[in-house]
Amino acid sequence: MHETKEKHDFEPKIVAFVCTWCTYAGADLAGTSRLQYPSNVRVLKFPCTGRIDPVFILRAFQRGADGVLVSGCHPGDCHYMAGNLHARRRFAAFRGLLDFVGVDLNRLQFSWVSAAEGGKWVEVVTELTERIRAMGPMEEFKTLETEECWSGALATPELQEAYNQI
Amino acid sequence: MSRIGVFVCHCGENISRTVDVERVAEAAGHISGVAYATDYKYMCSDPGQGLLKKAVAEHKLDGLVVAACSPRMHEKTFRNAAKAAGLNPFLCEMANIREHCSWVHEDREEATAKAIDIVRLMVERVKKDKALQPITVPITKRALVIGGGIAGIQAALDIADCGHQVLLVEREPSIGGHMAQLSETFPTLDCSQCIMTPKMVDVANHPNIKLYTWSEIENVDGYIGNFQVTIRKKARSVDMDKCTGCGVCMAKCPQKKIKSKFDCGLGTRPAIYVPFPQAVPNAPVIDRENCTYFKSGKCGVCAKVCGPGAVDYDQQDELITEPVGAIVVATGFELYSIAEKPKGSSIKGYGEFGHGTIPDVIDGMTFERLASASGPTGGKILRPSDGREPKQVVFVQCVGSRAREKGISYCSKVCCMYTAKHTMLYKHKVHDGQAYVFFMDARTPGKSYDEFWRRAVEEEEAVYIRGMVSRLYQKGDKIVVMGSDVLVGVQVEIEADLVVLATAVQPRQGADSLAQKLGISYDTYNFYSEAHAKLKPVECATAGIYLAGACQGPKDIPDTVSQASAAAAKVMTLFAKDQLEREPIVARVNERNCVACFYCKKVCPYGAVEEKEIRDRQGNLVRVVAYVNPGVCGGCGTCQATCPSKSVELDGYTDEQVMAMIEAL
Ligand SMILES: Cc1cc2nc3c(=O)[nH]c(=O)nc-3n(C[C@H](O)[C@H](O)[C@H](O)COP(=O)(O)OP(=O)(O)OC[C@H]3O[C@@H](n4cnc5c(N)ncnc54)[C@H](O)[C@@H]3O)c2cc1C
């Protein structure tokens, strides 16, 4: 018997950027072990976390992601020797930048999940999903829909004044 | 791409049980650019692949998405099918709706919605896919085998017999590994030395095998077909070319009281030594830590007595770099020594059962040395403490193994069988002795294995007590073993003369650091991971590296030898070709945009980035740009994410492809 699932008002969109060798394989293992986790996550596969450009994360937030996960091999286990270490360094700097522009860093998670850690993948994804669900949707960073731009909804008096001065 | 085909697999019921596959196919049909979408029971089957090929022809498809299992499972299958249908294989992608969807979610609605999303992302990706041509690289037809136990020996002999050169690297002074230490072997009780030493001699005499003993792997560069390995040949202090193996140095060495590791500390050896008489090579090594000459500069007896003048105190470690095309890892196992906790170990239970404090509590390998005809007691079972013959021996199985709470949850696989063997060897040597075995389960799958175990119980009268030992202590010259017999439901107490612990089989200490040099993966215990538990049991995920023996998991000799021969067969398959086709997932530089900052060069783990000069027709240097050598590039893409001018792109994972997926979120 399955328990009846709780229904939530808000289902966050989680995007995971993962490397092929460790985390993708770990997520596969979660599958072969039939572990269960929330279905909110969409996985994008890369050869290595070293390939993941911070721009991808920004764009994902703009395109509606409420939370982003970046996950690769444990330090020392990189299939490409050191790609994950470059990624770690890059994202350490990138977090500072995100913080500066006002993104709540709780929305962005980094983790190491190896090919043997199906259970850890489930934990990380479940925890992130629940955290983001509690935080609510990420509004401040989305791109404006075309209609929104032209609807006049944004034409505040301040904006109007600014236009008039041009 | 504007004519994409989407194929949704049911995987029997594996996918269709939780994902409404028809709805996924129907939704896929509505995505712009999709010309054909369908679902089928088993896409990977012959008719499934036939369906795909037929659809390509009928609907003039120019891109494919197969929504099925993980690409790690069947990407090759479907890319080959695409190729057979006349499409470039890299225009076929898999949407993983099994491992990442149907198997991990229960709610049909949610799973179906997610599956549709996954398919949509992959369709957008395929639209940006480009046809890629495989890269061919030459193959160096020489193999490296790491570890000279029975696994390494068997693999090396097989490859060498096939006509290819093999480098066999062993870190001890002699090859042989654990099998050389065993007395007699289950299930036939033939003498281990008798079947092992001829193979060791074959290795020494084989014209195609180059043996590096007392050597370790320092560094590994390159990739399948083209590895560069650096071997550290440790200073032996003996010139192997001059040494005749006469043994006078060992006989005359005044320092004789060093505990022999080969004899598990039961016997002693000199400072200049071969670990055992049948060692291959038969040239000794000076143990510099214990040698009087190296400690105080005095002595030098071995050099004086050596006729050929082979002793060389000034020898240095040598670093040798060799090109090889394939690597077999066969570094074997180690017994969990519960006496002392190694640095950094997370396993609990050290110091239990009096191991290390009570001299007559020994492990299984020590018992092998006691029972071995060439061992320190000449094959007599005698107590290490006082040399008396033990009349009551208690064997304890599963020490460490299958003890989840202490950190090792696996079964060590060989202990049930070798404990049964030990009880027999004991009975054969001490006729009036009695063996008791504490056990959880008797696990004896294998040809003639259960019969062997039954013989130990029924004919050799070993008393098997089902239950664990709770306490063990020294009382006079006896060891009192207390435990429970869970079948009868009583407490038992045995006054034993000798206790033998079947401690867990573990990977070698430092197995992880070798794995890091090789770039192969390992599990939480440090056993090396095969690429697929069932279908690729000897391959590593890293191409060109194969596994043999107990380094991959606990194994007995028959299994070890089979795996070693299988690994050798894989190497020979690779060497059967002159050129290797590589996946064309490599980085390319857009020379027009490159500003020659060479950040890519700094981050490249492979050293694949070169500085390329662009000259005009007069030969004047115009500028310097980055160039990625496709033969060396490993395809991680770190350069691309690092490049400030966005002038390098990783084929197969271009910004366009990734962004197309993100836009579709
Ligand atoms: C007490 C006991 C009794 C057993 N009895 C039996 C039996 O009766 N029948 C049976 O079928 N099986 C038996 N086994 C199992 C048997 O020992 C193993 O199956 C077999 O030894 C595995 O061989 P291997 O080559 O994989 O590993 P090993 O024998 O451990 O050899 C590995 C080799 O690699 C070398 N090495 C390690 N690391 C490095 C490195 N970094 N660089 C270079 N070289 C390295 C080591 O020095 C060693 O020579 C027994 C095991 C035990 C513990």
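In the predicted model, about 4200 Å² is buried between chain A and chain B, with carbon and sulfur atoms giving 57% of this area. The contact draws on 47 residues from chain A and 43 residues from chain B.

Six salt bridges are counted between chain A and chain B. In one salt bridge, A:Arg63 is joined to B:Glu663, and the closest N and O atoms lie 3.5 Å apart. On the side of chain A that touches chain B, at least two residues are supplied by each of β1 (14-19), α1 (20-32), β2 (41-46), α2 (54-62) and α3 (83-101) of chain A. The largest share of this side, nine residues, is provided by α1(A). Classified by residue type, the side of chain A that touches chain B comprises 23 nonpolar, eleven polar and 13 charged residues.

Within chain B, an open sheet is formed by three strands in the order β11-β12-β17, with antiparallel pairing. From one strand to the next, the twist averages 20 degrees. The antiparallel pairing of β11(B) with β12 (residues 226-233) of chain B extends over eight bridges. B:Gln228 in β12(B) stands opposite B:Asp221.

Note on methods
Residues are numbered from 1 along each chain as its sequence is written. Chains are lettered from A and ligands numbered from 1 in the order in which they are written. This is a predicted model: local features need pLDDT of at least 70, side-chain atom pairs count only at pLDDT 80 or more; totals for chains, interfaces and linings use all residues. Side-chain values use heavy atoms; hydrogens and water are left out. Contact means heavy atoms within 4.5 Å. Buried area is the accessible area (1.4 Å probe) that two parts lose on being put together, summed over both. A salt bridge is a side-chain nitrogen of Lys or Arg within 4 Å of a carboxyl oxygen of Asp or Glu. Helices (H or I, at least four residues) and strands (E, at least two) are DSSP runs, numbered from the N terminus. Ala, Val, Leu, Ile, Met, Phe, Trp, Tyr, Cys and Pro count as nonpolar, Asp, Glu, Lys and Arg as charged, and the others, Gly among them, as polar. Two strands pair if DSSP finds at least two bridges between them. Axes are lines fitted to C-alpha atoms, for helices over the stretch in contact, and angles run from 0 to 180 degrees between N-to-C directions.
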